[in-house]
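Thanks for coming, everyone. Let me put the structure up, and then I'll walk through it.

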Amino acid sequence: MKTARMLLSFVLMFCFMTPAYAEAPVKEKSPVNLEHLDFLNEDVTIDGKDMLITHIYSEYPVYKWVDASGEGIACVDDVARAAVVYLNDYEQNKNAQSLKSAKKALNFVMHMQADDGEFYNFVNKDLSINTDGPTSKKSFDWWAARAMWSLGQGYGVFKDVDSAYAKELKDSFLLANKALQNKVNEPYGEYKNVHGYKIPAWIGGFDAMSNALLGLAEFYEVEPRADVKDSMKKVGRGLDEFQYGSYTQYPYGAHMDWEGSPTLWHAYGSGQTYALAKAGMVLGEKKWIASAKQEADQFFTHLLVTGMIKEMAPTMAKDEQIAYGVNMLTQGFAAVYHATKDPKYAKYAGLTASWFTGNNDAGAVMYDPATGRGYDGLNGVTGKVNWNSGAESTIEALMAIQTVNEIPLAAKLLDAKTVDRHTAVVEEAESFESVLGKPEIVTPESPWTGDASYSAKLMKLDNQDVVSKKISVDKAGVFLLSSALVREAGHAGKLGAKIDGRTVSAASVKPSPDSDFLTLVNFDTPFYVSKGVHELSVPFKGHELLLDNLVIRPAVESAVFKSEGKTFKLERNLLKGSNKLK
């Protein structure tokens, strides 16, 4: 899994936001322009059947097709999502051409299905199936889950317009459901323990399986079958249970993504809130809707205040921001809005999607309605933009705009801009100075620990060591303190916190229940700090400790936005566990 994650990170390297008031005029919708997606597609005939493939990359400045070296020219991962975009367009606009494109895309998806219901992913230049590539071999992985999503939604659409073709989609979907059952049934109800966290063992890749749940919900909505419901119950339960934290406790109500880590969350593909809210509505599972609402309230709104990130593991990283991650948050908020009818979630969806119109760390428009291009990403630290426009970025951008345009409250905020933020500040441990003892700055061999990521260098503290740093506070108030550090097996300790020599809080560092692991530990007491420059001192008692950073977080964090000439604020009170748009 470590290797797969590193490969995915390499690919990603290549390749937010309260509302306008009710009396504001309705803003013209941002056009959903399918031109670039249509360009990325190629009509092909395989085994006598008309199909559509979507070329994977398209590079600045000429935007011609570019193949995925060593993998193939097109994949189920992209074609299945393209089918969803075309199905959405048909449902929203009754565009006959989009229905035709969806059918050809779904033909390709079904062509890539094996007799046992699993799927291959890539086709080679000669349109033969790549059967042995690491991201293509037959399995029930990402591409199979996405295939289920497109087939489930496709069945719901074609059932009313082409019953014979709908039967083909149904047969393929139910065969895929058998493969899904084969994956989850044997380990269903079993758990594995990682660093003291109880993780459902029947779900492999929680982010990926959210796509399968979406497909199951789409199918069940038009044809409620016992076998489909059974799959929904099992997958939904797994996604629901792999969620931890609160407003103040890491990971802040997030649904985690990989069964190997209770610490790592990444934006791309994290559709659990989207899927749980959708499936919760279809089955009447209030617990799933509550789970989706929890992540939306506690974590997603935090990202509206901080701005978009790539991942947190446990420190938030803002470097590789991509459309795929932004769309998942947009879809999550929108689905919670549909499930709860609470208008604030519609507004959150619009604010999230404003990333595409330039409300991001680079100030760059990441979806061009004139061409239909969705751009491949930006670095929130350097402000650099990847102006390539591949299939995934274009598709995910189109999905987000399609969703927002269907919700007037969201569409009004699509062009919002963030004008101020009051949120957490990360102080890297190596930037602190030694006050007592012999603290040592350590450079890890790799930022990736195997299940988490160091944010930078580490400070190695021993018993009675003290480090300190001057910090600047731009607004007086109550603050919370936490620390990214390594919990070691068999060793405990205690970190203190002093502001200008005054003891304000402390954190107990408990031993790890298994192997050493990097996590975020809270200090126990909130404390008041006045505006200005202060000295933060951190004494340590106990056995050797590796300290990554300290996070100073206002108890009431906020972001100010501007839209339609009006200024408004999203305020989050972490101690009360509440959010306000005002």
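This is a predicted model: local features need pLDDT of at least 70, side-chain atom pairs count only at pLDDT 80 or more; totals for chains, interfaces and linings use all residues.

Numbering runs from 1 along each chain as its sequence is written, and side-chain values use heavy atoms, with hydrogens and water left out.

Cores first. In soluble globular proteins, nonpolar side chains tend to be buried together. Buried means under 20% relative accessible area, exposed means over 50%, and partly exposed is in between, with a 1.4 Å probe and protein chains only. A nonpolar core is a set of buried Ala, Val, Leu, Ile, Met, Phe, Trp, Tyr and Cys residues joined through side-chain atoms within 4.5 Å.

How many residues are in the largest nonpolar core? It has 144. Phe119, Met232, Trp265, Phe299 and Phe356 have the most contacts inside it. Helix α5, residues 142–158, gives the largest share of this core, with eleven residues. Helices (H or I, at least four residues) and strands (E, at least two) are DSSP runs, numbered from the N terminus.

Now the rings. A pair of aromatic rings is described by the distance of the centres and the angle of the planes. Rings of Phe, Tyr and Trp (its six-membered ring) pair if their centres lie within 6.5 Å; planes under 30 degrees apart are stacked, over 60 edge-to-face, and the rest tilted. The whole structure holds 21 aromatic pairs.

Take phenylalanine 39 and tryptophan 65. Their ring centres are 6.2 Å apart and their planes sit at 40°, so this pair is tilted. Phenylalanine 39 is in helix α2 (residues 35–40) and tryptophan 65 is in strand β4 (residues 65–66), so the pair ties together parts 26 residues apart in sequence. Phenylalanine 39 is partly exposed, at 36% relative accessible area. Tryptophan 65 is partly exposed too, at 36%.

Next, tryptophan 265 and phenylalanine 299. Here the centres are 4.7 Å apart and the planes at 85°, so the pair is edge-to-face. Tryptophan 265 is in strand β9 (residues 265–266), phenylalanine 299 in helix α10 (residues 286–306), and the two are 34 residues apart. Both residues are buried. Ring pairs also link them with Phe300, Phe333, Tyr345 and Tyr348 into a cluster.

On to charges. Side chains of opposite charge can pair when their charged atoms come close. A salt bridge here is a side-chain nitrogen of Lys or Arg within 4 Å of a carboxyl oxygen of Asp or Glu. The count is 27.

Glutamate 168 bridges to lysine 49, with the closest N and O atoms 3.2 Å apart. Glutamate 168 sits in helix α6 (residues 163–184) and lysine 49 in strand β2 (residues 49–54), so the pair ties together parts 119 residues apart in sequence.

Glutamate 221 bridges to lysine 278, with closest N and O atoms 2.9 Å apart. Glutamate 221 is in helix α7, lysine 278 in helix α9 (residues 272–283), and they are 57 residues apart. Glutamate 221 is partly exposed at 47%, whereas lysine 278 is buried at 16%.

Arginine 572 bridges to glutamate 557, and the closest N and O atoms are 2.6 Å apart. Arginine 572 lies in strand β31 (residues 566–573), glutamate 557 in strand β30 (residues 556–563). Are these two buried or exposed? Arginine 572 is buried, at 0% relative accessibility. Glutamate 557 is buried, also at 0%. Elsewhere, shared partners join Asp78, Arg81, Glu392 and Glu396 into one salt-bridge network.

Last, single residues. Contact means heavy atoms within 4.5 Å. Aspartate 89 is in helix α3 (residues 76–93). Aspartate 89 is buried, at 5%. Leaving out residues up to four places away in sequence, aspartate 89 touches Leu34, Lys94, Asn95, Ser98 and Gln402.

Glycine 204 is in the loop between β8 (197–200) and α7 (206–222). Glycine 204 is partly exposed, at 29%. With the neighbours up to four places away left out, glycine 204 touches Lys183, Met209 and Glu259.
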